[in-house]
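Student: Could you take me through one part of this model closely, namely its nonpolar core, and then show me what surrounds that core? I would like the terms spelled out as you go.

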Amino acid sequence: MYKNIFVSQCGYLPGMQKQVTFRTDKPINFAVLKSNGACVYTGRADKKIKNAAAGETDFVGDFSALTKTGCYYITAEGLGESDTFTIGRNAFSDVFQKSMAFFYLQRCGHELPEASAGLYAHPACHTQTGYAYDKTESRDVTGGWHDAGDYGRYVGPGAMAVAQLLYALERNKALCNSYQSPEPQTSVLNDYLEELKYELDWMMKMQREDGALYHKATCASFCSFIMPEDEKGKMILSPVSVTATADFAAVCAMAVRFYKKYDKAYAKKLEQVSKKAYTALKDMTLPGGFKNPKGITTGEYGDPCDTDERYWAAAELYRTFGNEEYRYDFEKLARKKIYHGYGWVEMGSYGNLAYLGTGRPVDETLKQAISDSMIATADKLLKTSEADGYGTALTKKQYDWGSNLTVANNGLQLYDAWKLTGEQKYLDAAAAQLHYLLGRNAMGLCYVTGCGTDAIKHPHHRPSGFKGKAMPGMLSGGPCDWLADETIRSLFTKETAPAPAKCLIDMTGSYSTNEVTIYWNSALIQLLASVTE
Ligand SMILES: [Zn+2]
């Protein structure tokens, strides 16, 4: 590691807090220079941080006072130079556009023409008929986005991704409406809503007649590093699950609010399928925690607790449709426990936002309790973030599989506290989580492919691996100290492994540190849209 100075490589908005991390043992003077070498700002980094997660000592500098648009880099004696970065109103346009276009490039069952997809062009893939695992039926399940580095399609993660992208739109219309699909769209919808509809349409095909949702559509096992049209195995619909059904009910209810303005018939359809799923959900007594049935080895997305998914669904249906039944269901659950989380396992925050965001009658005491609990959650994150050399709200023990999702979701919870309190410290910390993902981290890498000056180049992603070039706009999973794949274990043992925040190898084989998923990208986009609203 030759770098000692770490910044957001995609830059900063002019008004944003701007921090820089120096990997050094003593306080240091630093200078911010324009790309032509002219010094425009000098400062001193004297906030010392013992960084256990990264196994180093850091000093943090602040150059928030520099607000002038331009292209810059930072130097400090003996530490070399930082990556270049911009300050400007459009600093994040490129990363937004690319990370959104990723969803288009992940489209399944759609021909990606070369004019739109370039190197990643391919004919329509996975056009096989889907067969229910229990052999009760077969049906068309074409469409949707490939989930990750593999070609599976999973309802829960898909619903989470769409929900996050809808929140991004709710908060930052200007940014989201600026999205231009690589393939010119022709519908009444803008390109952003058109892309989300592609996933919603597919999820509808995963709904059984009784309203419940098949958990996933995949072949029996993961294929090798081939292009998607070459995966020709039998398409199997894994058994229905509570989590898939609840997530689908919730996201379709949410989507009604966004689509009704453009397409009333589509909004009506969303309403019908959402309510149908919710009715089915109430009768579902399956134990929480989907388990792969015998013979299926693709991503399990098992989640032992389905209460938070039911919590989200009830709140979201109440917000959109207003039926007392939904309100009753949500309040009953929330009085027992207030849930938090923006992941696919813990989804309580979506429910909280729906309940707090509804203009309909609510239990004001409960509403206050939820709000207080959200702020208390953010306070813990804020404390961790302020004590970390890179401003991340991860503790040393949280560099787990997909740690970058946790980083983004921590940022969202900090943002929520800003919305609830108006206190700037929460917004600054939320933005710091974004800056971490974009280069101000212990690896000195922009974790989004094709963005910034020094990004991840070898993600675990089949089309990228097959073509030998990383598809742009993908957020890597991030450091994970579990040593959970053969590639990372071929380099390190428990004794020789780097510190948790540095446990990432930019190699295609390292799926535990360097895979990509649609719902890591959606978390990035929701965070980006939120902190730049
Ligand atoms: Zn496909």
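Tutor: Happy to. A nonpolar core is a set of buried Ala, Val, Leu, Ile, Met, Phe, Trp, Tyr and Cys residues joined through C-beta atoms within 7 Å. A residue is buried if 20 or more other C-beta atoms lie within 10 Å of its own, exposed if 12 or fewer, and partly exposed in between, with C-beta atoms placed from the backbone. Please keep in mind that this is a predicted model: local features need pLDDT of at least 70, side-chain atom pairs count only at pLDDT 80 or more, and totals for chains, interfaces and linings use all residues. Residues are numbered from 1 along each chain as its sequence is written.

The largest nonpolar core has 170 residues, and Ala249 and Val448 have the most contacts inside it. Helix 6 (residues 242–259) gives the most to this core, with 13 residues; helices (H or I, at least four residues) and strands (E, at least two) are DSSP runs, numbered from the N terminus. At least three residues of the core come from each of domain 1 (5–91 + 439–514) and domain 2 (93–362), with bounds taken from an automatic or database domain assignment.

Now zoom in on Val448. Two residues are in contact if their C-beta atoms, placed from the backbone, lie within 7 Å. Leaving aside neighbours within four places in sequence, Val448 is in contact with Val95, Ser99, Leu437, Leu438, Ala455, Gly473, Met474, Leu475 and Leu524.

Helix 6 also meets helix 5 (residues 191–205): the buried residues of helix 5 pack against helix 6, as well as against helix 1 (93–105), strand 12 (153–154), helix 3 (155–171) and helix 4 (173–177). Among those buried residues are Tyr192, Leu193, Leu196, Leu200, Trp202 and Met203, but also Asp191, Glu195, Lys197 and Glu199. The 15 residues of helix 5 should span 21 Å at 1.5 Å a residue, and the end C-alpha atoms are 22 Å apart, which agrees; the expected span is 1.5 Å times one less than the number of residues.

Finally, the two domains themselves. The C-alpha centres of domain 1 and domain 2 lie 32 Å apart, and 19 residues of domain 1 are in contact with 16 residues of domain 2. Helix 14 (residues 462–467) supplies the largest share of the side of domain 1 that touches domain 2, 5 residues. By class, that side has 10 nonpolar, 6 polar and 3 charged residues, where Ala, Val, Leu, Ile, Met, Phe, Trp, Tyr, Cys and Pro count as nonpolar, Asp, Glu, Lys and Arg as charged, and the others, Gly among them, as polar.
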